[in-house]
Amino acid sequence: MQNIDLTQDLESVVLGIDAFDDETELSAAHLHNALSLLHQVLGEGSWVGLYLATPARLILGPFQGTPACEKIAFGKGVVGECYSSEKTITVKDVTKRANYICCDATAKSEICVPMKKDGCLVAVLDVDLPYVHEYADKEVVAFEKIAAKLLRFC
Ligand code: SME
């Protein structure tokens, strides 16, 4: 099957997030709407959300999609590994990934992006797609851009 190019849709999300104002009281609302926008462009069956860093572990934050794992230990799963390595991780096919936590059997590929604010890792942007997907470099850049934009509201 041909690989879908998500770049343009992701860029439209970046523009959407840029359009939100800076009213502090609306930060949480903006975050929910930004994740909704991302979920919408990625389509039915996708999952998008934030895992928020606490001193001891990562906790499920705002998300769009089916119910998900509520806590993840540092280093565990793709999310925990992303947090510990402070690096974006893409997984083309989750069935082939050793350190993977399955929250929903319909998820087939995943990208996790670390979110750093003032030098401190505050969250991981986690995205699951319901199909196997080879993440192109320009898609990774676009996801990283979205994660950076979301920091405005964290
Ligand atoms: N698959 C993730 C767990 C979180 S869910 O995808 C929402 C992982 O391996 O860490």
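Helices (H or I, at least four residues) and strands (E, at least two) are taken here as DSSP runs, numbered from the N terminus. The structure is a predicted model, in which local features need pLDDT of at least 70 and side-chain atom pairs count only at pLDDT 80 or more, while totals for chains, interfaces and linings use all residues. Residues are numbered from 1 along each chain as its sequence is written, and side-chain values use heavy atoms, with hydrogens and water left out.

Threonine 7 belongs to helix 1, which spans residues 7–18. With a relative accessibility of 12%, threonine 7 counts as buried, a class that means under 20% relative accessible area, as against exposed at over 50% and partly exposed in between (1.4 Å probe, protein chains only). The side chain of threonine 7 is joined to that of aspartate 5 by a polar contact of 2.5 Å; such a contact is a pair of N or O atoms within 3.5 Å, and within protein one atom must be able to donate a hydrogen and the other to accept it, with residues adjacent in sequence counted only if both atoms are side-chain atoms. When neighbours within four places in sequence are left aside, threonine 7 is in contact (heavy atoms within 4.5 Å) with Lys138 and Glu139.

Around the ligand there are 13 residues, of which Val78, Val79, Ile101, Glu110 and Asp128 come nearest, a residue being near if one of its heavy atoms lies within 4 Å of the molecule. An oxygen atom of the ligand lies 2.9 Å from a backbone N or O atom of valine 78, and a polar backbone atom of valine 79 is likewise 2.9 Å from a ligand oxygen atom. In the side chain of aspartate 126, an N or O atom is 3.3 Å from an oxygen atom of the ligand. The elements that give two or more residues to the shell around the ligand are strand 1 (47–53), helix 3 (77–85) and strand 6 (120–129), and helix 3 provides the largest share, three residues.

Glutamate 86, with a phi of about 60°, is found in the loop between helix 3 and strand 4 (89–91), and its relative accessible area of 42% makes it partly exposed. Aspartate 118, with a phi of about 50°, lies in the loop between strand 5 (109–117) and strand 6; this residue is exposed, because its relative accessible area is 79%.
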